Amino acid sequence: MAHKAGFINIIGNPNTGKSTLMNKLMGEKLSIVSPKAQTTRHRIRGILSGEDYQAVFSDTPGIIEPAYLLHHRMMGVVNHALEDADLIILMTAVSGDDVLPEVADRIKKMGKKLIVVINKIDLSTQEKVEEAVSLWKSKIPAIAYLPISAKEKFNIDTLLRVIIENLPESPPFFPKDQLTDLPEKFFAAEIIREKILTFYKEEIPYSVEVQVDSFKEEGELVKIYAVVITERESQKGILIGKKGIAMKRIGVEARRDIERFLGKKVYLELIVKVKNNWRNTENSLRHFGYNP
Ligand SMILES: Nc1nc2c(ncn2[C@@H]2O[C@H](COP(=O)(O)OP(=O)(O)O)[C@@H](O)[C@H]2O)c(=O)[nH]1
Ligand SMILES: [Mg+2]
């Protein structure tokens, strides 16, 4: 049988479970997950290779109306992902908000292969799920309308089968043992950000960026020095907490997950810095890797 390979890009509203889905498809936690919108800020590739196929998934930021320059960059990622997809997965949740009509229209006009995934059926009833399926059928042509639960791993195998069936014939794009195209230090920074998203409230999760300054392997130990950047002095105080206790907790939790991810012992040092208004500053965004 001929070899198949292609780019499958997962797009949709915030919080529909795009990152959870990619992780379940990969059987590996690559993308951070949280109940907060705007958790995913970059395109995160997961490369799944079988004997005769290679599926290159991209997880993308949820579609939002941009309020900051950062959001414009994030929506740039979504636009690229629409353009270079061989197959688009439009992620929706049974109970969630409707995807913007402009986005649905654009996908329709592109005429690309599309799978509409209706996620979080574990939170819904059979009747509601059927309603959602027929609604999407009337709205946009697709090769499949598939109800799933990413969290409970329901119908993920079926989805993967449909994806592979619909990949174009092509040699692989990446070595078969490669899982992603991003460096390990990117994932270390993301894991730290995930803990911040989980533990802090209000504006803090949205105002924080994490950069790994140094990532060095010394035998079995990986030494990581990371900077947590926030927008205001007052946020810095909250992030650090009384006697540094809050940041310490982030460090402990993040180190445990980074160790699991790398399969190595980790030494992690975190410092907090303020960069005024970084989310709206061209130079800062560029420096942090959000390119136009
Ligand atoms: N009940 C339920 N929750 C889910 C499911 N998939 C994702 N979630 C939750 O929805 C929230 C957003 O998930 P995430 O993958 O970060 O969504 P994204 O913003 O689309 O990437 C998280 O709290 C997930 O645990 C699902 O199938 N069922
Ligand atoms: Mg996400």
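**Strands, a magnesium site and a pocket**

Let me begin with strand β5, residues 113-119, which pairs with β6 in the parallel sense over four bridges; please keep in mind throughout that this is a predicted model. To get from β5 to β6 the chain passes through helix α4, residues 126-139, and the β-α-β crossover made in this way is right-handed. Within this pair of strands, valine 116 stands opposite tyrosine 145 in β6.

Tyrosine 145 also brings us to the two faces of β6, which covers residues 144-147: Ala144 and Leu146 point one way, while Tyr145 and Pro147 point the other way. In a regular strand the side chains alternate between the two faces of the sheet. Whichever way they point from β6, all four of these residues are buried.

Let me turn now to the metal. Which residues coordinate the magnesium ion, ligand 2? They are Ser19, through OG, and Thr40, through OG1, at 2.0 to 2.1 Å. Serine 19 belongs to helix α1, residues 18-26, whereas threonine 40 sits in the loop between α1 and β2, so the pair ties together parts that are 21 residues apart in sequence. Are these two residues buried or exposed? Serine 19 has a relative accessible area of 8% and threonine 40 one of 9%, and because buried means under 20% relative accessible area, serine 19 counts as buried, as does threonine 40.

The loop that holds threonine 40 leads us on to β2, residues 44-49, which is mostly covered, with five of its six residues buried. β2 runs antiparallel to strand β3, residues 53-59, and six bridges join the two.

How does the lining of the largest pocket divide by class? It has 12 polar residues, eight nonpolar and six charged.

Conventions. Residues numbered from 1 in each chain as written. Chains lettered and ligands numbered in written order. Predicted model: local features only at pLDDT ≥ 70, side-chain atom pairs only at ≥ 80, totals over all residues. Heavy atoms only, no water. Buried < 20%, exposed > 50% of the residue type's maximum accessible area, 1.4 Å probe, protein only. Pairing = 2+ DSSP bridges. Right-handed = clockwise from strand over helix to strand, strands pointing away. Donors = N, O, S within 2.8 Å, 3.2 Å for Na, K, Ca; no water. Nonpolar A, V, L, I, M, F, W, Y, C, P; charged D, E, K, R; others polar.
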